[in-house]
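Let's take a friendly walk through a protein model. Have the structure open as you read, and look up each part when it comes up.

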Amino acid sequence: MCVEIHQVEILDLRHLTARDFEPLLQEEIELWSKSLQWDYSASAELIRRFLESRSLPGYAAVERGRVVAYSFFVYEDHKGLIGDLFAVADYRGPTEERLLDHVIETLRGSPGLERIEAQLMMLGSPVLDVVFRRERFQAHGRKFMHLAIGSDMGSDMGSDMRSKF
């Protein structure tokens, strides 16, 4: 289900508290765990601290007082780094696109930046590929791999997997 764009308000993250993000962060932690077997708890805690200190630049999508999506960025030397973009399932697509547009527009208007980078492993919607192409981002392939130590996963690996190494 896709939610109508006009129902969602885009706000600066610094107008909200960490408590406002708790259900969203919990859903993101669960998705990282389910999709990548990755414990995102420490990252979420860091995000909470920056949200609480009102020092994290970015935007939140809010509907009827509920934060349904967010994106943040940081400045590093002459680069703007898009740190995260996440939306609850029902708000992926147009809401993420609006957030990404806000972030890119803000970074483009930031003095002294020479480039914008993003390494978003949990992109929620193919719509975002269109945004990155439209904005002329260059994509570079990345492999995320993991091995469960002590398991026999490698012994039953098919020839297709072995041929990739």
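## How to read a helix pair

Axes here are lines fitted to C-alpha atoms, for helices over the stretch in contact, and the angle between two of them runs from 0 to 180 degrees between N-to-C directions. Two packed helices are described by that angle together with the distance between the axes.

## How confident is the model?

Keep in mind that what you see is a predicted model. The average pLDDT of the chain is 85, and 84% of the residues reach at least 70. One stretch to treat with care is residues 157-165, where pLDDT stays under 50. For that stretch, the model has 3 contacts beyond four places in sequence.

## Helix 1 and helix 2

Start with helix 1 (residues 18-36) and helix 2 (residues 41-52), whose axes come within 10 Å and cross at roughly 165°. Angles over 145 degrees count as roughly antiparallel, so helix 1 is roughly antiparallel to helix 2. The crossing of helix 1 with helix 2 is right-handed.

Which residues of the two helices make the contact? From helix 1 come Ala 18, Arg 19, Phe 21, Glu 22, Leu 25, Gln 26 and Ile 29. Helix 2 contributes Ser 41, Ala 44, Ile 47, Arg 48, Leu 51 and Glu 52.

## Helix 3 and helix 4

Now find helix 3 (residues 94-108) and helix 4 (residues 127-134). Their axes come within 9 Å and cross at roughly 25°. Angles under 35 degrees count as roughly parallel, which means that helix 3 is roughly parallel to helix 4. Helix 3 passes helix 4 in a crossing that is right-handed.

On the helix 3 side, the contact is made by Glu 96, Glu 97, Leu 100, Asp 101 and Ile 104. Facing them from helix 4 are Val 127, Leu 128, Val 131, Phe 132 and Arg 134. The contact of helix 3 with helix 4 holds 6 nonpolar and 4 charged residues, with no polar ones.

The model has 10 salt bridges. One of them joins Glu 117 to Lys 79, with the closest N and O atoms 3.8 Å apart. Glu 117 sits in strand 5 (residues 115-118) and Lys 79 in strand 4 (residues 79-87), so this pair ties together parts that are 38 residues apart in sequence.

Terms used:
Residues numbered from 1 in each chain as written. Predicted model: local features only at pLDDT ≥ 70, side-chain atom pairs only at ≥ 80, totals over all residues. Heavy atoms only, no water. pLDDT = per-residue confidence, 0-100. Contact = heavy atoms within 4.5 Å. Helix = DSSP H or I, 4+ residues; strand = E, 2+ residues; numbered from the N terminus. Parallel < 35°, antiparallel > 145°, perpendicular 65-115°, else oblique. Left-handed = near helix turned anticlockwise from the far one by under 90°. Salt bridge = Lys/Arg side-chain N within 4 Å of Asp/Glu carboxyl O. Nonpolar A, V, L, I, M, F, W, Y, C, P; charged D, E, K, R; others polar.
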